[in-house]
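Biologist: Before we start, could you walk me through how to read a model like this one, feature by feature?

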Amino acid sequence: MTENRRLYVLTAVALGGMLVAAGMIFLYAPQDALQGPVQRIFYLHVSSAIAAYACFALVVAGGVAYLWKGSLRSDRLARAAAAVGLVFTTNAFVMGMIWAKPIWNWDPSKTWDARVTSTAVLWVVYAGYLLVRRFATPGRQAMRLAAVVGIVGFADVPIVHFSVQWWRTLHPGRVIDAPGGPALPPEMLLAFMVTMLAVLLLAGTLVAVRYRIEARRDALEERAVAAQLKLAASPGSR
Amino acid sequence: MADGLIQRFGALVALGPLDLELSKGERLAVLGGNGAGKTTLLRMLATVARPAAGRLEVLGLDAQRERELLRARLGHVGHQVGLYPALTALENLEFFATLHGLGRAESVAALALVGLSSLARRRVEQLSRGQQQRLALGRAVLHRPELLVLDEPDASLDCESRELLGQLFEGRTVVMATHDAQLARQVCDRALLLRTGRDAGDPWSSHMLHPAGMLGGT
Amino acid sequence: MALAVARKDLRGELRGRELLPALAQFVVLALIIANFAFDLDLVSGPRLSPGILWLVLVFAGLVAFGRAFATEKESGSLEAMLLTPAGPASIFAGKALASAALLVACEAVLLPSMAVFLGSPISVAVVATVLLATGGMATLGCLFAALAAQTRARELLLPVLALPIWVPFVVVGGRAVQAAMTGQSLAALPLSGQPLVILADFDILFLVVASLAARFVLDD
């Protein structure tokens, strides 16, 4: 039961962290002169995006470890991280859109920059990963195929980023944005760092919880299998 | 050869645990109703699928680590024929021969062996099921394997083709899944009965009181 | 050996006579639809051509690659191939080559048709760009087709997996074709920034990735 207790503590700390971050975002950080109150969304938006990519790194690491060593635990980690990562990607994307509306008025020539496109692609890759897991034969095939999706996706996202950036350099009149302006005032920077840490902690907690759930699910499956095997071994069937 | 073999798909145990020993030159018939696990077992023996647990040694080679070497020495005909419908019989054999590093001569010979020389230029989709089955057998023996793993080869074969089976089995170790008990008796030495993925004994050995009702009668 | 696999595939398709005409039909119909949907004329035709080109190509690709592994799955011949010494890498290479060839055949219908029906200026640069992009798209399309064929939801998974991975090709290729069609010169870009070079880099990168991954996708 210490396993559970650890998770409870972790969750409490993560939630506490988020509260502190919320406080910093709304009370401590100054309002942006150019973009107004909407700009505050950027703290969570960027942090979510970072969390989403961090989860993806876990998915890929898990996949590679599985293909290389056949480690079931790595696959479990990948599974857990994928579910959480999808949520954070969705969040980052939606927040990005909300933020962009008043700033860019959703002008397509400005909306689809390198970061937005990469995040959108990341989302689809996550979706593909989870779908493959669902539709492949459960067990080894699902793990194997999903790992490949993760790895190829991992190679793809930076390439997408690069290619859109390349595209942008040819598109005349594009204003390269930096949220909050080219240099962040120190209060904003601090708020951002705190938020980022809080979000990462939250993401980590979610992955840990998810991992536990998957572990329990796997254990249940093992027990079902063992039961079938024991049944088969009983003298009645011979 | 097989020790504690288990195959599972997620939470479903399809086969096992199973222990099996087969000597060189022996011919084993694998019997059992639908869903008993015959195909699952055969796929593992042919190294097409990997077992979830257990040890498998075929022809003295470890089925997982020395798979490439093993595959060169076995021939497999699964549930599906494994042929290309749009190509002719000869083209199909030639293709697989090329993959094995063999030449045209071997394909022609294999074609003759299964008695389909007259249909060499006929497209596979135009052949009858029985003829396709024979062609698949030809494909399986192209590279002169020592071990044959056949999944219900009798499904649409006629009488003469059954003699063909006997011919092909000459000098080889064979594992064959079938529903046809008579055929099994004809061409095999031993039998293994599978029921819901478990070994239910050898129905041909003297101390089995009665065979499972699914056999056609022994 | 890879060539043998490719040859076998192509011969099958030529013989079968179903995929090639279907693709050609698809291409022409797509162009007709585009013409009316976008209300093209002499001005907008060339402007929208790059977009139409890539859209049609992507969808034709999805159809072609979906088929690539469909027969294998139906006839169980993939397993038969795996049991030979050929090895998953060669098998994959062969199928990728055949699929690429099919896509090129498709382009051979698409590009001239565009020139005729939409008035698109098709130049050597356009052709080269399209060919280079096809290489990479074919490799990846084949990889995911093989993957999707082994699952229960092939038609659903293939687009979901293939489209994100094709995005870089469409982005770079699209820009390059647009520049070529509107007479813009990209000579100002450094060599490493030239679209053809970038596409070639992508091709090589993904070829390596796919070859490494093929083993895990095809074999257990």
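**Reading the folds and contacts**

Modeller: Let's start in a loop: B:R144 is found between α5 and β7 of chain B. Helices (H or I, at least four residues) and strands (E, at least two) are DSSP runs, numbered from the N terminus. This is a predicted model, where local features need pLDDT of at least 70, side-chain atom pairs count only at pLDDT 80 or more, and totals for chains, interfaces and linings use all residues. Residues are numbered from 1 along each chain as its sequence is written, while chains are lettered from A and ligands numbered from 1 in the order in which they are written.

Biologist: What is the phi of B:R144 like?

Modeller: Phi of B:R144 is near 50°, a positive value in a residue other than glycine. B:T47, in the loop between α1 and β4 (53-58) of chain B, is another non-glycine residue with positive phi, near 60°.

Biologist: And is B:T47 buried or exposed?

Modeller: Here's the rule: a residue is buried if 20 or more other C-beta atoms lie within 10 Å of its own, exposed if 12 or fewer, and partly exposed in between, with C-beta atoms placed from the backbone. B:T47 has 25 other C-beta atoms within 10 Å, so it is buried. B:R144 has 13, so that residue is partly exposed. Over chain B, 46% of the 218 residues count as buried.

Biologist: What secondary structure does chain B have?

Modeller: Seven helices and 10 strands. Strands of a sheet pair through backbone hydrogen bonds, either parallel or antiparallel. In the convention here, two strands pair if DSSP finds at least two bridges between them. Chain B has an open sheet of six strands, in the order β6-β7-β8-β3-β9-β10, with mixed pairing.

Biologist: Which are the edge strands?

Modeller: β6 and β10 (198-199) of chain B, each pairing on one side only. Strand β6 (residues 74-77) of chain B pairs with β7(B) in the parallel sense over four bridges, and B:H76 stands opposite B:V149 in β7(B). β7(B) also pairs with strand β8 (residues 173-177) of chain B, again in the parallel sense, over five bridges. There, B:L150 has B:M176 in β8(B) as its bridge partner. Strand β7 (residues 147-151) of chain B is mostly covered, with four of its five residues buried.

Biologist: Which strands do the helices α1 and α5 of chain B lie across?

Modeller: Angles run from 0 to 180 degrees between N-to-C directions, and axes are lines fitted to C-alpha atoms, for helices over the stretch in contact. Two residues are in contact if their C-beta atoms, placed from the backbone, lie within 7 Å. Helix α1 (residues 38-45) of chain B lies across β3 (27-31), β7, β8 and β9 (190-195) of chain B, at about 150° to β8(B). α5(B) lies across β6 and β7 of chain B, at about 160° to β6(B).

Biologist: Where do the buried residues of α4(B) sit around the helix?

Modeller: Take the directions from the helix axis to the C-beta atoms; the arc is theirs. In helix α4 (residues 104-113) of chain B, B:S107, B:A110 and B:L111 are buried. Seen down the axis of α4(B), the buried residues fall within an arc of 100°, so they line one face of the helix. Their cover includes α3 (89-100) and α5 (129-141) of chain B. Just after α4(B), B:G115 takes a positive phi of about 70°.

Biologist: How do α6 and α9 of chain C pack?

Modeller: Angles under 35 degrees count as roughly parallel, over 145 as roughly antiparallel, 65 to 115 as roughly perpendicular and the rest as oblique. Helix α6 (residues 87-117) of chain C and helix α9 (residues 195-218) of chain C pack at about 105°, with their axes 8 Å apart. That makes α6(C) roughly perpendicular to α9(C). The residues that meet include C:P88 and C:F92 in α6(C), and C:S211 and C:L218 in α9(C).

Biologist: How many residues of chains A and C are in contact?

Modeller: 27 residues of chain A are in contact with 24 residues of chain C. α6(A) gives the most to chain A's side, with 17 residues. That side of chain A divides into 21 nonpolar, three polar and three charged residues. Here Ala, Val, Leu, Ile, Met, Phe, Trp, Tyr, Cys and Pro count as nonpolar, Asp, Glu, Lys and Arg as charged, and the others, Gly among them, as polar.
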